Amino acid sequence: QVQLVESGGGLVQPWDSLTLSCAASRAIFDFDTMAWYRQAPGKQREWVASITGGGITTYANSVAGRFSASRDNAKMVYLHMHSLQPEDTAVYYCSIPTANYWGQGTMVTVSS
């Protein structure tokens, strides 16, 4: 069992940057792919980004070029978000998809 805890969300203005963190309760080097998802108010949860143990990243079209994922292969995964827009407003979740582990989410609100 692994617990995931996200942090770093908050209220920012358009074009601001923000980094989300995901702390695992134990080392996660045995899980290859970590992922970030988000759920905007009134919408379904959507995939945002994935990162493999080897550092290979993939991104949803909506965030490609603005967001980047990283991990330290111990207990931390990060989502670096730049040029944030109001449509990025959502609860962001860290996940180990292959094991169906999810964090509780952290809210990001982009508003002027």
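1. Overall size. With 112 residues, a compact globule would have a radius of gyration near 13 Å, and the chain agrees, at 13 Å. That radius is taken over C-alpha atoms, and the globule rule is 2.2 Å times the number of residues to the power 0.38. Along the principal axes, the C-alpha atoms fill a box of roughly 40 × 25 × 20 Å.

2. Basis. This is a predicted model: local features need pLDDT of at least 70, side-chain atom pairs count only at pLDDT 80 or more, and totals for chains, interfaces and linings use all residues. Residues are numbered from 1 along each chain as its sequence is written, and side-chain values use heavy atoms, without hydrogens and water.

3. Confidence. The average pLDDT (the predictor's confidence in each residue, from 0 to 100) is 94. At least 70 is reached by 99% of the residues. Strand β10 (residues 101-102) is lowest, at a mean of 94, and β11 is highest, at 98.

4. Secondary structure. Take contacts (heavy atoms within 4.5 Å) between residues at least 6 apart in sequence: 55% join residues at least 24 apart.

5. Of the 112 residues, 43% count as buried. Buried means under 20% relative accessible area, exposed over 50%, partly exposed in between (1.4 Å probe, protein chains only). A nonpolar core is a set of buried Ala, Val, Leu, Ile, Met, Phe, Trp, Tyr and Cys residues joined through side-chain atoms within 4.5 Å. The largest one has 30 residues, and L4, L79, M81 and Y92 touch the most other members. Elements giving two or more residues to this core include β3 (18-24), β8 (76-81) and β9 (90-96).

6. L4. Beyond four places in sequence, L4 touches residues including C22, M34, C94, I96 and W102.

7. F67. This residue is found in strand β7. F67 is buried, with a relative accessible area of 4%. Leaving aside neighbours within four places, F67 contacts R38, V48, L79, M81 and Y92, among others. T19 is 48 residues away along the chain, yet the C-alpha atoms of F67 and T19 are separated by 9.3 Å.

8. R45. Its charged end sits over the ring of Y93, 3.9 Å from the centre. R45 also lies over the face of W102, at 4.7 Å from the ring centre. The criterion is NZ of Lys or CZ of Arg within 6 Å of the ring centre and within 35 degrees of the ring normal.

Note on methods. Helix = DSSP H or I, 4+ residues; strand = E, 2+ residues; numbered from the N terminus.
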